[in-house]
Amino acid sequence: MSKLYEKYQLKNVTLRNRIVMAPMCMFCSDEDGMAKDWHYIHYTSRAIGGVGLIIMEATGVENRGRISARDLGLWKDEQIEGLKKIVDACHAYGAKVGIQLAHAGRKSEVLAEQCIAPSPIAFSENYRTPREISLEEIHTVAAAFAAAARRADQAGFDVIEIHGAHGYLISEFLSPLTNQRSDEYGGSLENRARFLKEVLQEVKKTWPKEKPIIVRVSAEDFAEGGNHAEDMARIINYLKPEGIDLINVSSGGVVNVIPKAYPGYQVTYAETIKRETALPVITGGLISSPQMAEEILQNGRADLVFLGRELLRNPYWPLLAAKEVRDNIDWPAQYERGKQ
Ligand SMILES: Cc1cc2nc3c(=O)[nH]c(=O)nc-3n(C[C@H](O)[C@H](O)[C@H](O)COP(=O)(O)O)c2cc1C
């Protein structure tokens, strides 16, 4: 029995294996942030393909919090139904489903809205200069995360992932490079973490206790004066009492630097976060070989492995990879003839 296909229990959620589909924007929703046929077919195919946990793409908790005007949204009740249809279908094919709740902050390209950030600094010359978010708005946005979490529960999602990575709003608060506030939301580690703390506290009011909360972080800013894995571990340790069940370890996106990426380039960050916080972690980044995923899990470097682009190339990766790690899993009955 391989580790990749060993079940994984997180609160009341049992995953059939350790394979996680990374959240990936499909940029094919509409002005209203509604789920489309594409989303239904795309996610259901990965459930049929054997993924253990599908984390649906960055979904705006406010319209101005969407990365693009074609991202999914969960800021109004009308958006629940389309997502519920996807969740029900994925459940029917054995996958558990999460949704990434996001606010794009200064990187929002929704032109109909003004973008906001902890400090009025543009990401690059190709981006707008954001307006500094007021204290009152900080509470409004935290409440928007909670309202979206309530809707996610109504849609039947098994887990939520709070998007705290890649230089979007939460990540902008966490990094000293983007947060230059002089009030209680900027400066010290505790102050920079205060917004995420508030988001978690608000979300817990609407998201059921028995369902897990994942936080995705950028463990490395790739710039002097930015956060590194040890800093992020300290931030997570500070926030742990608020109820984080799993950390999805990513990196970058905070400032305009392209990191040197190679298969497994984020695994050491995940190891640091796991060791320093004692929380389970998901790792990934350019992973496409089943043997590499198996090595990471067998050596206890992470608890789960995410795949992004590999699952865009091949939705059936989990069905095919089992043979590579000398495991034998059930295929959907309809595809049994193709297993030989
Ligand atoms: C098309 C595309 C869209 C993405 N959208 C998101 C997103 O919505 N949220 C997020 O946290 N990361 C997003 N990412 C990053 C992926 O989740 C993942 O971390 C990254 O692609 C590295 O993993 P990979 O090498 O297996 O693709 C996106 C990546 C791609 C390729």
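Here is the chat that followed.

Me: What kind of model is this, and which cut-offs apply?
Reply: It is a predicted model: local features need pLDDT of at least 70, side-chain atom pairs count only at pLDDT 80 or more, and totals for chains, interfaces and linings use all residues. Residues are numbered from 1 along each chain as its sequence is written, and side-chain values use heavy atoms, with hydrogens and water left out.

Me: How many salt bridges does the structure hold?
Reply: There are 21. A salt bridge here is a side-chain nitrogen of Lys or Arg within 4 Å of a carboxyl oxygen of Asp or Glu.

Me: Start with Glu6. Which residue does it form a salt bridge with?
Reply: Arg18. The closest N and O atoms of Glu6 and Arg18 are 2.6 Å apart.

Me: What does the Glu6 and Arg18 pair tie together?
Reply: Glu6 sits in the segment before β1 (8-10) and Arg18 in the loop between β2 (13-15) and β3 (19-21), so the bridge joins parts 12 residues apart in sequence. Strands (E, at least two residues) and helices (H or I, at least four) are DSSP runs, numbered from the N terminus.

Me: Is Arg18 buried or exposed?
Reply: Arg18 is buried, at 7% relative accessible area. Glu6 is partly exposed, at 29%. Buried means under 20%, exposed over 50%, partly exposed in between, with a 1.4 Å probe and protein chains only.

Me: And what about Asp30?
Reply: Asp30 bridges to Lys36, with the closest N and O atoms 2.6 Å apart. Asp30 is partly exposed at 23%, and Lys36 is partly exposed at 32%.

Me: Which residues are linked in a network of salt bridges?
Reply: Glu62, Arg64, Arg131 and Glu137. Within it, Glu62 and Arg64 meet at 2.7 Å, N to O. Glu62 is buried at 13%, and Arg64 is buried at 12%.

Me: Why flag that?
Reply: Most residues other than glycine have a negative phi. His166 also has a positive phi, of about 60 degrees, and is not a glycine. His166 lies in the loop between β9 (159-164) and α4 (169-174) and is buried at 19%.

Me: Last one, the ligand. Which residues come nearest?
Reply: Pro23, Gln100, Arg216, Leu286 and Arg309, of the 15 around it. Being around it takes a heavy atom within 4 Å.

Me: Where are the backbone contacts?
Reply: A backbone N or O atom of Leu286 is 2.5 Å from a ligand oxygen. For Gly308, the distance from a backbone N or O atom to a ligand oxygen is 2.8 Å. A polar backbone atom of Cys25 is 2.9 Å from a ligand nitrogen.

Notes. Polar contact = N/O pair within 3.5 Å; in protein donor to acceptor, adjacent residues only side chain to side chain.
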